[in-house]
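The entries follow in the order I looked things up.

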Amino acid sequence: MNDISIAVRAVGLRRSLAILAAGVMGTIAAALSAAETSPEKFENYTERIPGQSSTVAFDMVAIPGGEISIGSPAGEAGREETDLAQAKVAVKPFWMGKCEVKWEEFLPFVFASREEIEKNKEDGITHPTKPYGSIYRQRGEKGYPAMGMSQHNAAEYCKWLSKKTGHKYRLPTEAEWEYACRAGATTAYFWGDDPAMAGEYAWFKDNSEETTQPIGKKKPNKFGLYDVVGNVTEWVSKENADAAAVARGGGWSEPVTRLRSASRMIETEEWNELDPQSPPSIWWLSAADWVGLRLVRSFESGEAAPAATSTAAAAAAPAAPATDAVKANYKRYCAGCHGIDGKGQTKLGKSKGAKDYTDPKVKAGFDEARWIKAVREGVEVDGQHVMTGYEEKLTEAEMKALVYFMKAL
Ligand code: HEC
């Protein structure tokens, strides 16, 4: 070891001692951990799918973490061999779809443009083949749950949606699903032990008229989840690649006992027995027009919820330099409405004008997450939606550079 390094170490030591003595250490640690844990709020939110009309949205419900027994006791009426044996599981907080994924949300994934499909390939996202015959299979369309997709298809949908929205969506684990379904209940059904009450909460064999029904029409469970049992059986994630594909919650064609919180349906070849193709499609299950999905998103993923404002993240993020490329993008994509000098619109007419971005008050309202969201998804002006829709043309980094450019105007 040479003299210089000893000197440096000595200074380092003296400095940390000084900090300790001043009692600053705790404060620094607190500040660091505050910056590390996301400032986002754990609350319900609505997500819009970028690039679609503003009605293509879904609600996510914040589900607090906790511990619960899943599976059914040996004596439970209607118990099946496929039920899990009772076990205690701990579940971390997560968001879950308030409703089952509906067709409006699923179709843009199935019928994505060739261009988008090619682009997504690079990110390892694949899109389903077009279904054989009508995708709806003579069942409900708008406002009805998407159904008939394989578990693989459902899982790929989550990847696609995650890329679109910037929030990591996935299928629930079995534990999360059952935890969310039970909402604290230890009874056979989430509403109690009485199967005669099923009609208040679920669409199933006795009341579905042998088809899917519009989502969200029955009473929710205690977490505020609709159709968590009945309507379509919901895919859960596989524990490993070799595990069987499992769906939970029973569907419109099932007897009431399949609405039990512990009930599980395990995929068999019969789910695809009507497929004329050989080998059968990996995307669509020809005979399972009663299986669909519900989304989940982990809470600790560290990304901001769409509604949350992340001032800490905005303060920490570096301002992008206004390179010629940034200026050219601004001129091309933004100046039409925001004005080349950032002082407001040129196209929309005064009452619907964009703000003056050289105004300090506008700058003071800067929030990186919200501004990028405005560019990605459009903004509400006088109750109308101005779609910018640049998410297809600009990368996340380019959008970020543009909002920092506007802030600096
Ligand atoms: C079709 C017109 C139009 C285009 C094109 C457009 N905007 Fe906007 N933008 C608006 C309007 C209108 C508003 C709402 C009023 C406001 O906040 O200025 C707005 C708002 C914003 C906001 C503020 C969001 C907030 O919460 O305060 C940002 C940031 C923004 N636009 C950035 C951009 C960027 C970057 C581009 C180019 C990629 C762009 N806009 C292109 C019309 C447009």
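How do the residues of the shell around the ligand divide into nonpolar, polar and charged? I looked this up and found 15 nonpolar, 4 polar and 3 charged. Here Ala, Val, Leu, Ile, Met, Phe, Trp, Tyr, Cys and Pro count as nonpolar, Asp, Glu, Lys and Arg as charged, and the others, Gly among them, as polar.

I note that this is a predicted model, in which local features need pLDDT of at least 70, side-chain atom pairs count only at pLDDT 80 or more, and totals for chains, interfaces and linings use all residues. Numbering starts from 1 along each chain as its sequence is written.

Next, I checked which of the 22 residues around the ligand come nearest: Cys334, Cys337, Ala354, Lys355 and Ala374. A residue is near a molecule or strand if its C-beta atom, placed from the backbone, lies within 6 Å of it.

I then looked up the elements. Helices (H or I, at least four residues) and strands (E, at least two) are DSSP runs, numbered from the N terminus. Helix H9 (324–338), helix H11 (368–377), strand S11 (379–381) and helix H12 (396–408) each supply at least two shell residues. H9 gives the largest share, 5 residues.

I turned to an open sheet of 4 strands, in the order S8-S7-S6-S9, with mixed pairing. Strands S8 (264–266) and S9 (291–292) are its edges, each pairing on one side only. Two strands pair if DSSP finds at least two bridges between them. S6 (residues 233–235) and S7 (residues 246–248) run antiparallel and are joined by 2 bridges. I found Arg248 in S7 as the bridge partner of Glu234.
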